[in-house]
Amino acid sequence: MTFDLRDNLAGAIVVFLCSMAGLAMVWACESKWLFPLGFSLGAIISTRLIQWFRPLQAGSFSLTKKSAAAAIWNLQGFLGLFHIEFWITMGWIPIPLRPILYRSLGVSIGRRVLLAGKIVDPLMVNIEDQVILGEGSLLLGHTIVSQTLTLGRIDIQEGATVGARAIVFHNVSI
């Protein structure tokens, strides 16, 4: 897959749509504090659309050569980390509601799961039933070494516990 001008255009359109969703909430409710919420909802919808049209695949991709996979990963990171993770980092999404948020981003999550940590690459993560993700832990489905982006799956199997402040990298099954 090669990098295309349409990828940059798609990114610009997504950011524009997220902004419009935020402005629409401000206009509809006449409350300026709703802009971040509207923008985040727009980011979730945009992220799901991107995942549907161009899902991330595991593998290694050059960041120096413009590739579609790297552009999509960058765009999803921008939407997820800066506009959705914000709510979790600020503590505004309670721990019992985090599975709902992460499911909306594409994480496969089983039943009776406690997510007190963060998931950076939602499409790369599969969490089975009765899993505990400890406070401050991080599931990171990518690494960047020498301008090479490597994406891989993380599988947390039934009954597993990831300890507080633990970091789990890609291509790991627990």
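Modeller: Let's start with our words: helices (H or I, at least four residues) and strands (E, at least two) are DSSP runs, numbered from the N terminus. By that rule, the chain has five helices and 13 strands. This is a predicted model, in which local features need pLDDT of at least 70 and side-chain atom pairs count only at pLDDT 80 or more, while totals for chains, interfaces and linings use all residues. Residues are numbered from 1 along each chain as its sequence is written, and side-chain values use heavy atoms, leaving out hydrogens and water.

Colleague: How do you know whether Leu49 is buried, partly exposed or exposed?

Modeller: Buried means under 20% relative accessible area, exposed means over 50%, and partly exposed lies in between (1.4 Å probe, protein chains only). Leu49 has a relative accessible area of 43%, so Leu49 is partly exposed. In the chain of 174 residues, 42% are buried.

Colleague: Why is the link between Asp155 and Arg153 called a salt bridge?

Modeller: The term needs a side-chain nitrogen of Lys or Arg within 4 Å of a carboxyl oxygen of Asp or Glu. Here the closest N and O atoms are 4.0 Å apart, so the pair meets the cut-off. The structure holds one salt bridge. Both partners are partly exposed: Asp155 at 25% and Arg153 at 34%.

Colleague: How do you know that β8 and β9 pair?

Modeller: Two strands pair if DSSP finds at least two bridges between them. Strands β8 (residues 142-145) and β9 (residues 148-151) have four bridges, so they pass; their sense is antiparallel. Thr143 stands opposite Thr150 in this pair. Two residues separate the strands of the hairpin, where Ser146 takes a positive phi near 50 degrees.

Colleague: What makes β2 and β13 edge strands?

Modeller: The open sheet has the order β2-β5-β10-β13 with parallel pairing. Since β2 (108-109) and β13 (172-173) each have a single partner strand, one side of each is left without a neighbour in the sheet.

Colleague: Which order do the strands take in the open sheet of three?

Modeller: The order is β4-β7-β12, again with parallel pairing. Strands β4 (118-119) and β12 are at the edges, each pairing on one side only. Strand β7 (residues 138-139) has two bridges to β12, with Leu138 opposite Ile167.

Colleague: Which residues does Ala166 touch?

Modeller: Contact means heavy atoms within 4.5 Å. Leaving aside residues up to four places away in sequence, Ala166 touches Ser137 and Leu138. Ala166 sits in the loop between β11 (161-162) and β12 (167-168). Its relative accessible area of 24% makes Ala166 partly exposed.
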